[in-house]
Amino acid sequence: QVQLVESGGGLVQAGGSLRLSCAHSGFIFSANSAISWYRQAPGKQRELVAAITGGGSTNYFASVKGRFTISRDNAKNMLYLQMNNLKPEDTATYYCNLRIVISGQASDYWGKGTLVTVSS
């Protein structure tokens, strides 16, 4: 059973930093999978923040490039998101997502999220 548990959210002033963590279990990270951070602000749609594929490639949402860094530690089954120079518009609930594609069918798994609040 896939489990994703986020932690590390909190209240921070603009310009500050936070590191989010996602403890995951129940799957083996492979070439047909990707693990990502999404966020959802109140009244807005959920959006992709950063992703890392089974092959190690990374992708970032344009507004966080240069400020956020996604990384994983396979030995510890952990995913991280280092967020620097935070801005009030980064305020959102951040979710860990696992997508596994098998025979063209994608399955998505989600954590419950961790709230990040950036004050101005």
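Modeller: The count comes to 4 salt bridges, a salt bridge being a side-chain nitrogen of Lys or Arg within 4 Å of a carboxyl oxygen of Asp or Glu. This is a predicted model, in which local features need pLDDT of at least 70 and side-chain atom pairs count only at pLDDT 80 or more, whereas totals for chains, interfaces and linings use all residues. Residues are numbered from 1 along each chain as its sequence is written, and side-chain values use heavy atoms, with hydrogens and water left out.

Arg 39 pairs with Asp 90 in a salt bridge of 2.9 Å, N to O. This pair links distant parts of the chain, 51 residues apart: Arg 39 lies in strand E4 (residues 33-40), and Asp 90 in the loop between strand E8 (78-83) and strand E9 (92-102). Strands are DSSP runs of at least two residues, marked E and numbered from the N terminus. Arg 39 is buried at 5% relative accessibility, and Asp 90 is buried at 0%; buried means under 20% relative accessible area, exposed over 50%, and partly exposed in between (1.4 Å probe, protein chains only).

Arg 39 also forms a salt bridge with Glu 47, where the closest N and O atoms are 2.7 Å apart. Glu 47 is partly exposed, with a relative accessible area of 27%.

Another salt bridge joins Asp 108 and Arg 99 at 2.8 Å, N to O. Asp 108 is partly exposed at 33% relative accessibility, and Arg 99 is likewise partly exposed at 38%. As for shared partners, salt bridges join Arg 39, Glu 47, Arg 67 and Asp 90 into one network.

Note on methods
Helix = DSSP H or I, 4+ residues; strand = E, 2+ residues; numbered from the N terminus.
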